[in-house]
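Let's take a guided walk through a protein structure. Have a look at it first, and then we'll go through some of its parts together.

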Amino acid sequence: MTTSAPWPQQVSRARLHVVTGKGGTGKTTVAAALALALATGGRRVLLVEVEGRQGIAQLFDTQPLPYAEKRIAAAPGGGEVHALHVDAEAALLEYFTMFYNLGFAGRTLRRMGAIEFATTLAPGLRDVLLTGKVKETVGRTDGNGRHVYDAVVLDAPPTGRIVKFLDVTKAMADLAKVGPIKGQSDGVVRLLHSQDTAVHVVTLLEEMPVRETLEAIAELSAADLRPGAVIVNRVRPPRLPARSVTRAAGGRVDAGRVRAGLTSAGLDLTPEDVDGLVGETVEHAIRVLAEQSAREQLTEVDLPAIELPDVNEGIDTAALYELAEALVEQGVR
Amino acid sequence: MSNQLDVDGLIDNPDIHVVVCCGSGGVGKTTTAAAVAVRAAERGRKTVVLTIDPARRLAQALGLRELGNTPREVEVEGFEPVGRLAAMMLDMRRTFDDMVLAHAGEKRAREVLANPFYKTISTSFSGTQEYMAMEKLGQLAGEGRWDLIVVDTPPSRSALDFLDAPQRMSTALDGRMIRLLSGPARTGGWGVRKVVSAGIMLFAKAVSTIVGGQLLADASAFVQAFDSMFGGFKQRARKTYELLRSGGTAFVVVATPEPDALREASYFVERLESEHMPLSGLVINRTHPVLAKLPAARALAAADNLERAGEAPLATAVLRLHADRVAVHDRERRLLARFTKAHPSVPVVDVPAMPADVHDLTGLRTIGERLAGG
């Protein structure tokens, strides 16, 4: 991981950036910050959500997104971020209207649950519809043949489901071998397996997220999908001098030395409070050790790595811009 | 501060027979369920814990090596509870198979189990895991071998899926839709206006071009075979739902002090209230209590002074990490205050973060003590 540039040329050439990660690692936040970073300097980026959670609207503090592209933020240097919430049912209806003239029966079918039923019948269909819509936005051009979006960032399903979601070829095995959806899905397969797509995995420096990250990267490679970067989120600064970490994690903190230091700083604490500080120090050291071993494990995969700091005040729009800046500083463009 | 959730009061109450742990993914539901079960067994209850997809090492802590689909007595060194503890991992395919076998004659059951569409429904349909977790709970309750069942819920996108899953499954497997799609001509009595039925014809045609004729034929055969069992399924789902609403059940919502998890917890609390489900309280996992009474600003000022003087690097580090911890703690309090303001009557208990992952009985006992406010 340390051997590669943080954001190499082949990643910055990608037009579709898929962001996945274990639940709770902050994948939606990272996807939004990445969209802002890519838009920095005057580009136009689309941020797409497919999970129906309306996480983007919450992050940017706006009304729930409709099934339509909407400008949600300006990026430094004149860029802009648009957002789209793709809903499988709406995509299916749109799709039907494109190829069959359903008229206003569509709405009634929706009320009857017919559309949910069709996507239930073939679970792969849902994913094909969602990725199909994403592909349409990536490939869309204006009257002059120029791409409408310079890049598309997809807030994708979590690591546990990502390969199944992107492996449209497999999903299509359940579906019709001919017809319009087959033609469309062939295009999706070409895009997802090409140089134009990079799949980034968000992780925390914790045991389970790192394990899932490694598994997801292996699975992605096996399915001939291209892992982009590992984005380590919520990195906290280590406070202890490196040489004391192991000892402190084993419970050996020199309370006398701590007390002497506190006294010379003019702090006169009760023995209980000094014990409390020592307790906090031991827990901190145990965590730092766990983070070190998580980092080591991540070096098993030779992928570019980006680190984002922990934003303790919580994620609001201002914090998103800070994270985007951190990405730009590490070479994201 | 809101009132404290009394976990011991809950598990010692002989009238409580089911504890359901729910919450969004990644908040430690399974660990909480296991810790509650271990504590209940050690306090004398005949307990069984139903886990969904536990982390491997947690499963090992309970002596579970594989999906069993039937409870097995927990036999771990150093574990001699006053009561009893059995544990199981849900095998959703087998639970579904068992349900089919129990409700259909042998011939029908064989037809259903052999149908390719059944494979899809029993493994990939979103909601099957939730439905099967509730089915298994119903079975365990029906056996009457346990006086306390602790249930973990699946890590679904929405934490409420297990309440809705049986209904969704009913809609999906209800014969009407499939008959409509496989042969619109034969469907009568739909009460749909004519102008729409033309649309339906087109829709049916469109669906069959998309999913392929074979799949539709399989689905149709499946639904026909399934029809006879359907009443039984619905009845069982209703019975489990009633069990969940009874006074013998206690819902424990689990969250972490993070905005997403607490938002989900709020949503859950509201939903449980509107369904008249008995909510016991909220468990906040992985909190970071401050262990020394020293304000962050003073700690930072002192650290700056020491650093300038180039003195006492250890004390400087200790002061800085303390200030970090105070900041984390304050943020957690703020987030929790938002929840308690919206739901002042919901009892809460904090479970301070363990420095390392829990994967043995000692760890589960410690969490149990923290759950009980110790």
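In which sense, parallel or antiparallel, do strand 1 of chain A and strand 6 of chain A pair, and over how many bridges? They pair in the parallel sense, over 6 bridges.

## Before we go on

This is a predicted model, in which local features need pLDDT of at least 70 and side-chain atom pairs count only at pLDDT 80 or more, while totals for chains, interfaces and linings use all residues. Residues are numbered from 1 along each chain as its sequence is written, and chains are lettered from A and ligands numbered from 1 in the order in which they are written.

## The sheet in chain A

Chain A has 15 helices and 8 strands. Both kinds of element are DSSP runs numbered from the N terminus: helices are H or I with at least four residues, and strands are E with at least two. The 8 strands of an open sheet in chain A come in the order 3-4-2-5-1-6-7-8, with mixed pairing. Here, two strands pair if DSSP finds at least two bridges between them. Strand 3 (70-75) and strand 8 (305-309) of chain A stand at the edges with a single partner strand each, so one side of each has no neighbour in the sheet. On average, neighbouring strands are turned by 25° against each other, direction ignored.

Helix 11 (residues 207-222) of chain A packs on this sheet, where it touches strand 1 (16-21), strand 6 (197-203) and strand 7 of chain A. The direction of helix 11 makes about 165° with that of strand 6 of chain A. For such angles, axes are lines fitted to C-alpha atoms (for helices over the stretch in contact), and the values run from 0 to 180 degrees between N-to-C directions.

Now zoom in on strand 6 of chain A. 7 of its 7 residues are buried, so this strand is largely enclosed by the rest of the structure. "Buried" means that 20 or more other C-beta atoms lie within 10 Å of a residue's own; "exposed" means 12 or fewer, and "partly exposed" is in between, with C-beta atoms placed from the backbone. Both faces are covered: A:Thr197, A:Val199, A:Val201 and A:Thr203 are on one side, with A:Ala198, A:His200 and A:Val202 on the other.

A:Val202 has A:Ile231 as its bridge partner in strand 7. Strand 7 (residues 227-235) of chain A in turn runs parallel to strand 8, again with 4 bridges, and A:Val232 has A:Glu307 as its bridge partner there.

## A buried valine

A:Val168 lies in helix 9 (residues 168-173) of chain A. Why does A:Val168 count as buried? Because 26 other C-beta atoms are within 10 Å.

Leaving aside neighbours within four places in sequence, the contacts of A:Val168 include A:Asp127, A:Val128, A:Ser185 and A:Val188. A contact means that two C-beta atoms, placed from the backbone, lie within 7 Å. A:Val168 and A:Val188 are 20 residues apart in sequence, and their C-alpha atoms are 7.5 Å apart in space.

## A helix with two sides

Over in chain B, helix 13 (residues 296-309) has 14 residues. B:Ala299, B:Ala302, B:Ala303 and B:Leu306 are its buried residues. They cover an arc of only 105° around the axis, which puts them on the same side of helix 13 of chain B; the arc is that of the directions from the helix axis to the C-beta atoms. On the other side, B:Ala297 and B:Arg308 are exposed.

What covers the buried residues of this helix? The cover includes helix 13 (255-264) of chain A together with helix 14 (313-342) of chain B.

Most residues other than glycine have a negative phi. A:Asp224, in the loop between helix 11 and strand 7 of chain A, has a positive phi of about 60° although it is not a glycine. With 11 C-beta neighbours inside 10 Å, A:Asp224 counts as exposed.

B:His276 also has a positive phi, near 55°. B:His276 is found in the loop between helix 12 (259-274) and strand 7 (279-287) of chain B, and counts as exposed because there are 9 C-beta neighbours inside 10 Å.

Notes. The expected span of a helix is 1.5 Å times one less than its number of residues.
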